[in-house]
Amino acid sequence: MNIELFIARRKALGLSQKALSTGICTQATLSKFENNGKAPAIRIVAQLCQRLHLQLEDVFPTERVADAAVLTEMTKIEFDLITSDYADAEKRLAKIADEPRHDQETKLQYYFLKGYVAALNQHPISDVLFNFDQIITDLDEQHATIYTQLAYCGTGIAYQNNHEADKAQYYFEKVRHALPTLSLETTASVWRVINLAYYTGSFYASINDAAQSEKLLAYAIKICAQFHVTFYVAKIKFRQAKLSSDPAKTTELLNDATAFARINNNRQLIKKISNYSKSR
């Protein structure tokens with residue numbers, strides 16, 4: 001059995017053994033499965049796989065052990081995007097470009113990351129759209145997962161970077177309306193909803209819709225506080241500082257942004273905040 005893939009997916013989604021097993025089996029049963037390969041009843045394995053967005057056949061063929069390594073690397077790439085280390089994300093993505101990606105969730109995550117890396121590194125817009133098209137028209141044709149919203153957001157980022165605000169707004173509007181309905185079930189989904197709220201809020205700031213921007217950024221901060229996520233707070237506070245017209249409030253937000261950036265060792269953002277503070 002491909003226990004490595006099973007464990008890697010659980011960790012990639014930010015689920016503890018207790019959280020995964022709740023309502024399905026005991027934590028002890030899951031622990032025996034992960035540590036000793038002692039499989040419980042097939043019904044239980046099927047339910048666990050369903051919660052992890054895996055198929056049974058993804059877990060049982062041993063030749064798919066390589067998928068676990070790909071999942072681990074993609075988690076690191078997604079964290080690079082959070083900390084604005086886009087260059088490292090691109091390097092890591094290149095290393096796994098030829099690695100196998102068998103199950104649907106892994107494919108979706110790969111094209112989401114590939115599209116975002118292309119958009120944030122300002123690659124030709126055709127490259128960005130090609131990657132997101134794999135999600136929207138093929139892998140998530142029914143638009144039933146958060147990956148469609150991530151694809152819409154990434155497409156909006158690409159058009160925004162290409163100075164096509166009207167096209168960007170078309171996609172960001174889709175994200176804005178979908179945000180309240182998106183699940184916050186796993187750590188990964190929390191990260192991704194914050195991602196959507198941040199980039200959508202940033203777009204509305206860029207077109208001088210301060211009210212809509214602040215609403216979205218406040219929603220992102222609310223989720224950060226609810227789930228004790230600090231990685232995005234610095235970026236959000238920095239964006240809020242740029243929106244503020246109150247000098248004292250701006251200084252407070254910049255100080256908060258700097259503090260959170262230091263906590264998370266986000267050197268790129270610390271530099272941006274410092275340069276902005278000096279230019280005020």
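1. Helix α10 (residues 146–161) has 16 residues, which at 1.5 Å a residue should span 22 Å; its end C-alpha atoms lie 23 Å apart, in agreement with that figure. The expected span is 1.5 Å times one less than the number of residues. Helices are DSSP runs of H or I with at least four residues, numbered from the N terminus. The model is predicted: local features need pLDDT of at least 70 and side-chain atom pairs count only at pLDDT 80 or more, whereas totals for chains, interfaces and linings use all residues. Residues are numbered from 1 along each chain as its sequence is written, and side-chain values use heavy atoms, with hydrogens and water left out.

2. Of the 16 residues of α10, 14 are buried, so the helix is largely enclosed by the rest of the structure. Buried denotes under 20% relative accessible area, exposed over 50%, and partly exposed the range in between (1.4 Å probe, protein chains only).

3. At its start, a side-chain oxygen of Thr145 comes to within 3.1 Å of the backbone nitrogen of Tyr147. After the helix comes His163, in the loop between α10 and α11 (165–178). The phi of His163 is positive, near 60°, in a residue other than glycine. His163 is exposed, its relative accessible area being 75%.

4. Ser84 likewise deserves a remark. Although Ser84 is not a glycine, its phi is positive, at about 65°. This residue is located in the loop between α6 (66–82) and α7 (86–95). With 10% relative accessibility, Ser84 counts as buried.

5. Helix α13 (residues 210–227) comprises 18 residues and reaches 26 Å from its first C-alpha to its last, close to the 26 Å expected at 1.5 Å a residue. Its buried residues are Gln212, Ser213, Leu216, Leu217, Ala220, Ile223 and Cys224. These cover an arc of only 125° around the axis, which puts them on the same side of α13; the arc is taken over the directions from the helix axis to the C-beta atoms. On the other side of α13, Ala211, Lys215, Lys222 and Ala225 are exposed.

6. A nonpolar surface patch is formed by Met1, Ile42 and Phe60, which together have about 250 Å² of accessible area. Ile42 belongs to helix α4 (residues 42–51). Patch members have over 30% relative accessible area and no salt bridge; like charges are joined within 9 Å, and nonpolar side chains (Val, Leu, Ile, Met, Phe, Trp, Tyr) within 5 Å. A salt bridge is a side-chain nitrogen of Lys or Arg within 4 Å of a carboxyl oxygen of Asp or Glu. Accessible areas come from the Shrake-Rupley method with a 1.4 Å probe.

Notes: Helix = DSSP H or I, 4+ residues; strand = E, 2+ residues; numbered from the N terminus. Polar contact = N/O pair within 3.5 Å; in protein donor to acceptor, adjacent residues only side chain to side chain.
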